[in-house]
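Subject: Structure for you to look at

Hello,

Here is the structure I said I would pass on. Please open it first, then read the notes below it.

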Amino acid sequence: MATSSAAIRRPLTTRIVIAFAGFGGLLALLMAVYVFAAFEYTERAYMQGLVDDQMSYLRESGRPHSVVLDIMSLHQGPAETLREELPPDLRSLGPGAYHLYTPPRHVAVEQQDGILRVVSMDLQPIYDRERSLALVLAGGMLVAVYGSLWIGYWLAGRIVEPVRSLADRVERRDLDSAERLAEGYADDEVGVLARTLDTYQARIRDLLERERRATDQASHELRTPITVITGAAEILLADETLTLAARQRVERIRRAAVEMAELVETFLLLAREPEEVAGAPRPGRSLAALLREVIDSQAIWLEGKPVELRLEVEEDGPLREPERLLAIVAANLVRNACQYTEQGSVEVRVRSDGVDVLDTGPGLGRDSRADLFSARPGAQAGHHGGLGLPLVRVLCERYGWSVSLSTRPGGGTVAALRFEGGTPGLHAAFTSA
């Protein structure tokens, strides 16, 4: 399985080159084995025929004979006396054919009517030719593999170029573009792929269009009743004849409506592409000014509590996009601190690289600290958590911010929001202390 996965991860060009070089090398090897085997078979047949001819010559001459040629030696004579004249390694050989290795020789022995005939052929020149042929064939194999590599590389480039061109067009293409990718491609595998991508993108484009329409309609349909509820609650709270119990109930309704409005805004923004949400920053807009608005909107969670909500500015600067998402993240952190702080203070501190929210609430439990951000939106995260923090996690992961929770010295919690490099980046670095 690991080998298969590694092969899949290789680029298509590399796989084509490897396959072509492997095929060329295998074909060269088979040809070399065939040539070498044919050469050896021909040499052996020629050698055996030459030895048989010399043996026939001795048999037909019938007279004592002893001659040593370049690669052949012929001996014929009475067996008793001839064996004493033969080289030591031939004296004990009986009738038959022999293949000797030191030195390499092919020997034929025949004895008839007391006459001994011996033909010996030196094989060293043949072995030398075979080694030379083997070296030539090995060199030819290397040349064939090298040539196969270059041809395979050239062919791979020609084969993969349409795929690369298609990939570039897909990467540069906007989702809303109606341009057909299949135009300009032949009716081959790449053309089939281009037509499939056209069909798939058309489905995505239709899906996005339906989602945009549904989001726009939901935005209007949800905001209108929430606005009515909030306005009605504020009118009721302005009625001085309202009893304390009724006022508390209306205040709870107003808070729930405000929180619902923020959640609706968050979910609607999450349904859109980041480029659609970011927008251009307002000139002269600062991070401190945004946080003042956030504090004003979240002060309702401290009504009736002996808690001071304040803003401290260590270093302020121009606000960087996306403003709407940053306001939602900050509002969730501030609201979370206000909800769980019964007395003391909630401090929002503006830094050069982000925002700190410090409270004097109950602090963090050891076991729940890592779970506060991991709960799915819509599920309770437990102590000092809820729906807001999982949404903060989603937004931070999407826009490359980092957020962490830690216990405040002396009691309470510190929520630290940081912008990578002083501005939202492309890579999320979400952490929980």
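**What was found**

Of the 433 residues in the protein chain, 37% are buried (buried means under 20% relative accessible area, exposed over 50%, partly exposed in between, with a 1.4 Å probe and protein chains only). This is a predicted model, where local features need pLDDT of at least 70, side-chain atom pairs count only at pLDDT 80 or more, and totals for chains, interfaces and linings use all residues. Residues are numbered from 1 along each chain as its sequence is written, and side-chain values use heavy atoms, with hydrogens and water left out.

The chain has 11 helices and 10 strands; these are DSSP runs numbered from the N terminus, helices being H or I with at least four residues and strands E with at least two.

**Helix H2**

Helix H2 covers residues 12–61, which is 50 residues. From first C-alpha to last it reaches 73 Å, close to the 74 Å expected at 1.5 Å a residue (the expected span is 1.5 Å times one less than the number of residues). Just after H2, Gly 62 has a positive phi of about 70°.

**The cores**

A nonpolar core is a set of buried Ala, Val, Leu, Ile, Met, Phe, Trp, Tyr and Cys residues joined through side-chain atoms within 4.5 Å. The largest one here has 41 residues, and among those touching the most other members are Leu 287, Leu 326 and Trp 401. Elements that each supply at least two of its residues include H9, H10, strand S6 (307–313) and helix H11 (388–399). H10 gives the most, with 11 residues. A second, separate core has 13 residues, including Leu 50, Met 72, Ala 108 and Leu 123.

Which residues does Leu 287 touch, not counting those up to four places away in sequence? Among them are Leu 326, Val 350, Val 355 and Phe 419, where contact means heavy atoms within 4.5 Å.

**Lys 305**

Lys 305 lies in the loop between H9 and S6. Is Lys 305 buried, partly exposed or exposed? Lys 305 counts as partly exposed because its relative accessibility is 22%. Leaving aside neighbours within four places in sequence, Lys 305 is in contact with Cys 338, Gln 339, Thr 341 and Glu 342. Lys 305 and Glu 342 are 37 residues apart in sequence, yet 6.1 Å apart in space, C-alpha to C-alpha.

Across the protein chain, among contacts between residues at least 6 apart in sequence, 63% join residues at least 24 apart.

Regards
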